[in-house]
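Subject: Structure handover

Hi,

Here is the structure I promised to pass on. Please open it alongside this email. My notes follow below.

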Amino acid sequence: MAEPRWSVGINFDSKCNARCAHCCVSSSPNATANLDDDLVDNIVDELLREPNVREIGLTGGEPLIRRARTMSIIARITASGRVASCVTNGFWGVTRRAADRVLAEFEDAGLRELTLSYDDFHSPYVKPERIRNILDASHDRRIKVVLNMCVSRSKDSRALLAELGDSVHGIQITQFPVVPAGEARSLPESDFHRRPITRGMLHCPGNQVIFHNDGNVYPCCSPPIFDTRMTLGRAGAQSFEQVVDTFERNALLGIMQREGFQWFIDAIRRVAPDAPAATVTEVVSACELRSIVFRDEESIALIRPQVDAYWAAVDAA
């Protein structure tokens, strides 16, 4: 039997205790976009009936604002034998004891890996000692804690890492460049770590179906995708099987998976040589390149004959 292939994310609420300048989903204390509880419950129930789903991730906003609710969903996921994941900014690590108490709840709910999203953008809202408390407490728990840090040219988090000190020993740390999505679109252009497009940037690093708090279902976890109309429909409007069918039948996504982004760049250059996707030479990452291609709806419409010809050739082969 084939291994389950789908990883699904549920971004169920945009509310957050922080108002970070780089937030790719524009979360804040005053944000109101959300998927209502009944809809989220229905989505989770259906995903747990779907044998092709291997992992369900919870994010926000800040999911621990509604801690009991988040723990309950995680427990349902893990009780079914699936993998649950969660992303948090760690605001709850007020003391070492408080941090250990929350980690114990995660552990009891069956969570095995927790991602802390923390960097210079978060530090005005969540003090480093709270992150240290969580990291220190995690050494006495079975939960693996991963530290994700988003960096820009002006905010590289190096001093913050030094402040976290010995607490980061043995902790997996991932640093990635901020992308121009959500609130980050307002950052100075000079702050983005852009570099010449490489072969690796021409292919999407992975696919994850996202039920987003704006009510749409997206074919990717890449933040810039939320600024495009590349959706798989509305959350709750169709079954997950239909969502997957839409994904697999989408002509553009199919070419992207088979050929990568270079196919689209070349196709657009033939019909619209001055379009953004035709002229781009530097990007932050494959995620930004994907958004540049699919946000250009006028050019995508112009290459429709090339898309149809591509699939006609595939069918004829």
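I started with the second largest pocket, which has a volume of about 210 Å³. Bear in mind that this is a predicted model.

Elements that give two or more residues to the pocket lining are α7, α11 (297-302) and α12 (304-316). Of these, α11 gives the most, with 3 residues. The lining includes Glu297, Ile300 and Ala301. Arg229, Met230, Asn250 and Phe294 are also among the lining residues. By class, the lining has 7 nonpolar, 1 polar and 3 charged residues.

Glycine 9 stands opposite glycine 57 of β2.

Then helix α6, residues 240-249. Which of its residues are buried? They are Phe240, Val243, Val244 and Phe247. These residues sit on the same side of α6, because they cover an arc of only 95 degrees around the axis. On the other side of α6, Glu241 and Arg249 are exposed.

What do the buried residues of α6 pack against? Their partners among the strands are β1 (6-11), β2 (53-59), β8 (209-211) and β9 (217-218). They also pack against the helices α1 (37-49) and α7 (251-259).

Best wishes

Technical notes
Residues numbered from 1 in each chain as written. Predicted model: local features only at pLDDT ≥ 70, side-chain atom pairs only at ≥ 80, totals over all residues. Heavy atoms only, no water. Buried < 20%, exposed > 50% of the residue type's maximum accessible area, 1.4 Å probe, protein only. Helix = DSSP H or I, 4+ residues; strand = E, 2+ residues; numbered from the N terminus. Arc of directions from axis to C-beta. Contact = heavy atoms within 4.5 Å. 1 Å grid on protein atoms, 1.4 Å probe; cavity = no way out; pocket = protein on both sides within 12 Å on 5 of 7 lines; lining within 4 Å. Points joined across faces, edges and corners; volume = space filled by probe spheres on them. Nonpolar A, V, L, I, M, F, W, Y, C, P; charged D, E, K, R; others polar. Pairing = 2+ DSSP bridges.
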